[in-house]
Amino acid sequence: MKSDRAHLIAFIGVMSALIFVLFLLEGTLLSGVGMTACVLSLPVAIALSIYDDWKKSFIGGTILGVCSCIFCLILASLFIFYANPLISVLPRCFIGITAYWTYFGLSRLFKNVKNKFVSDLLPAAIAGVVGSLTNTVLYLLAVNIWVGDIMGALTQFVNVAVAIYFPIELVACMILVPTYVTVLRKISGKIFKKKTAESCTNASDDEASIANSESIKGE
């Protein structure tokens, strides 16, 4: 159990680094227009939230939010108002939750369908759309609540920018989330299977050592 937990923490750490690098790349390329389109990082965050059980559904969105907060602090002159965790982190905690339950419900609905696209890939694609929609709606709501009164003109610009980027993010999530989910399952499956095999081998070695010790004592 402890080894599985340590493995999960290490896996999440690697995914966090990946999401941050992708977000940093997106933000750097688009920092001149004052807004970041999460074309690569958002699909990874959604996939990380739905590839396993509901207990991990909040992880992907939360990681994306933390990466966004750190990015805003790094480029403080441009995005300092959006470093507020109530804007950058809190709304994104719900991305994976809505995406996961959408995926779970549709998977149960289509579980008897033999076509893999309908039973697995389609639910993941729709979950990606729901996650993208959740991200956009809650982020804009947070921006208008916490920044609107202070930076009215900038807030309106952000609203327009997000409206432009939203269709791009939506299509990206629809296409990439099913692929990422498949890859994550294969990676995590190999990791945990390898760990289980190592644990079984170690347990067998321990049992053999105990048996040898007892036989020596018997002699």
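Questions on a predicted model

Me: With a relative accessibility of 47%, does Leu141 count as buried or partly exposed?
Reply: A residue is called buried under 20% relative accessible area, exposed over 50%, and partly exposed in between, with a 1.4 Å probe and protein chains only. Leu141 lies in helix H7, where helices (H or I, at least four residues) and strands (E, at least two) are DSSP runs numbered from the N terminus. Because its relative accessibility is 47%, Leu141 counts as partly exposed.

Me: How many helices and strands does the secondary structure of the chain come to?
Reply: This is a predicted model, in which local features need pLDDT of at least 70, side-chain atom pairs count only at pLDDT 80 or more, and totals for chains, interfaces and linings use all residues. Reading along the sequence gives the pattern α-α-α-α-α-α-α-α. The secondary structure therefore comes to 8 helices and 0 strands.

Me: Which nonpolar residues form a patch on the surface, and what is their accessible area together?
Reply: A patch is made of residues with over 30% relative accessible area and no salt bridge, with like charges joined within 9 Å and nonpolar side chains (Val, Leu, Ile, Met, Phe, Trp, Tyr) joined within 5 Å; a salt bridge is a side-chain nitrogen of Lys or Arg within 4 Å of a carboxyl oxygen of Asp or Glu. Helix H6 (95–109) and H7 each supply at least two residues of the nonpolar patch. The areas come from the Shrake-Rupley method with a 1.4 Å probe, and for residues only the protein chains shown count as cover. The members are Trp54, Phe58, Leu86, Leu90, Phe94, Ile97, Trp101, Phe104, Leu141, Ile145 and Trp146, and their accessible area together is about 1100 Å².

Me: What share of the accessible surface of the chain belongs to carbon and sulfur atoms?
Reply: Of the 219 residues of the chain, 39% count as buried. The accessible surface of the chain comes to about 11900 Å², and the share that belongs to carbon and sulfur atoms is 71%.

Me: How many residues of helix H2 are buried?
Reply: Helix H2 spans residues 41–50 and is mostly covered. Among its buried residues are Leu42, Pro43, Ile46 and Ile50. The number of buried residues in H2 is 10 of 10.

Me: At roughly what angle do the axes of H2 and H7 cross?
Reply: Two packed helices are described by the angle between their axes and the distance between the axes. Here axes are lines fitted to C-alpha atoms, for helices over the stretch in contact, and angles run from 0 to 180 degrees between N-to-C directions. On the H2 side, Leu42, Ile46 and Ile50 meet Ala124, Ala127, Gly128, Gly131, Ser132 and Asn135 in H7. The axes of H2 and H7 come within 10 Å and cross at roughly 120°.

Me: Which residue forms a salt bridge with Arg185?
Reply: The structure holds 3 salt bridges. In the one formed by Arg185, the closest N and O atoms are 3.4 Å apart, and the partner is Asp120. Arg185 lies in helix H8 (residues 152–218) and its partner in helix H7, so the pair ties together parts that are 65 residues apart in sequence.

Me: What distance separates the C-alpha atoms of Val183 and Tyr51?
Reply: Val183 is found in helix H8 and is partly exposed, with a relative accessible area of 41%. Although Val183 and Tyr51 are 132 residues apart along the chain, their C-alpha atoms are separated by 9.3 Å.

Methods: Residues numbered from 1 in each chain as written. Heavy atoms only, no water. Contact = heavy atoms within 4.5 Å.
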